[in-house]
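Biologist: I've got a model open and I'd like to learn how to read it. Can we go through a few features together?

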Amino acid sequence: MRRRITFLIGAHKTATTHLQRSLQGCADRLLAHGVAAVGPMPLGADLIPFAELAGKRTDPALLQMVAEAFLSNYCGDAPHAVLMNENIMGQLRPKPLFRGNLLYAPAPDRLERLCSLFPDHDIDIGLAIRSQADFLVSAWAEDMKGGDFYPFRQYIRGVDLSQLSWAKLVTDLQRSSGGRRLTVWRYEDYPEIAPTLLTHLLGEAAARDVTLRDGYVNSGLSAEAVAHLRRGGDARQDAFKAAQTLYPKSSDRPAFDPWDDATRAGLAENYARDVEAIRGLSTVTFLG
């Protein structure tokens with residue numbers, strides 16, 4: 001059967017986990033509307049690895065059979081599959097994330113391979129973006145979590161910050177996906193536009209049956225929490241969560257901010273230019 005497939009591909013640290021868990025928490029209700037919401041774990045285990053084989057020596061017909069089996073197993077006969085995993089675009093390690101001073105340098109190739117598994121379906125793509133200044137700090141904390149503490153400056157060492165462009169990424173994703181329609185929204189707008197986003201992605205009736213979770217799932221680090229982790233030299237899961245618990249972000253405990261005023265202003269200008277450029281792309285729907 002021909003389906004609509006919506007890939008929600010990230011970006012990381014843009015409330016993706018909140019959106020994923022909200023949809024998964026209403027999976028049974030969504031199925032009644034013909035929408036199958038499939039979260040990151042099945043994609044990471046059973047689909048993305050096969051997509052990485054596309055374009056190599058593996059028979060494309062064999063990979064497409066695997067993709068169809070994935071849909072059958074996880075989506076049943078639902079005519080609309082919403083497949084969610086921000087690792088479709090890559091990971092947050094510095095070398096792949098910033099290679100060639102590009103945000104998510106591997107993402108266009110990875111998306112092209114993934115789309116090639118579903119030649120007989122109608123694909124659209126959803127992507128959230130976030131101000132570079134805040135995205136980089138949050139990405140660093142997420143990458144560090146689970147290992148040893150290392151300074152933020154080490155994360156962005158050698159990166160030309162002025163070249164990190166969401167507009168360039170969106171243009172490259174659009175091209176690599178074969179001109180398929182992209183829906184883009186800003187993380188900063190997500191709390192306000194979430195109902196509109198759900199209606200756009202799922203249809204009005206299905207969107208009404210989604211209950212959004214309270215609050216965000218993965219909060220960032222306060223400046224005091226970062227200082228605590230630096231003293232201990234340990235950012236493993238338990239230590240990371242302990243630092244967040246001891247020194248939660250609040251009006252009295254501001255978020256960790258490594259930027260001077262000039263750098264933050266420059267990054268804000270770049271983000272504003274990116275947003276305007278993306279709004280001007282004819283095959284992109286920009287919400288917010």
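Predicted model: local features only at pLDDT ≥ 70, side-chain atom pairs only at ≥ 80, totals over all residues.

Biologist: Is Ser 165 buried or exposed?

Modeller: The cut-off for buried is under 20% relative accessible area. Ser 165 has 18% relative accessibility, so it counts as buried.

Biologist: And what does Ser 165 touch?

Modeller: Leaving out residues up to four places away in sequence, Ser 165 touches Leu 103, Gln 132 and Asp 274. There's also a polar atom of the Ser 165 side chain 3.0 Å from the backbone nitrogen of Lys 168.

Biologist: On to helices. Which residues of H13 are buried?

Modeller: In H13, which spans residues 223-232, they are Ala 225, Val 226 and Leu 229. Look down the helix axis and these buried residues fall within an arc of 100°, so they line one face of H13. Their cover includes helix H8 (132-144), strand E7 (234-235) and helix H14 (237-246). Just after H13 comes Gly 233, with a positive phi of about 70°.

Biologist: How many residues does the largest nonpolar core have?

Modeller: It has 74, and Trp 140 and Phe 135 are among those with the most contacts inside it. H8 supplies the largest share of this core, eight residues. A second, separate core has 24 residues, including Val 35, Trp 185, Ala 207 and Leu 287.

Biologist: Which residues does Trp 140 touch?

Modeller: Setting aside residues up to four places away in sequence, its contacts include Phe 149, Tyr 155, Phe 256 and Val 226.

Technical notes. Residues numbered from 1 in each chain as written. Heavy atoms only, no water. Buried < 20%, exposed > 50% of the residue type's maximum accessible area, 1.4 Å probe, protein only. Helix = DSSP H or I, 4+ residues; strand = E, 2+ residues; numbered from the N terminus. Arc of directions from axis to C-beta. Contact = heavy atoms within 4.5 Å. Polar contact = N/O pair within 3.5 Å; in protein donor to acceptor, adjacent residues only side chain to side chain. Core = buried A, V, L, I, M, F, W, Y, C linked by side-chain atoms within 4.5 Å.
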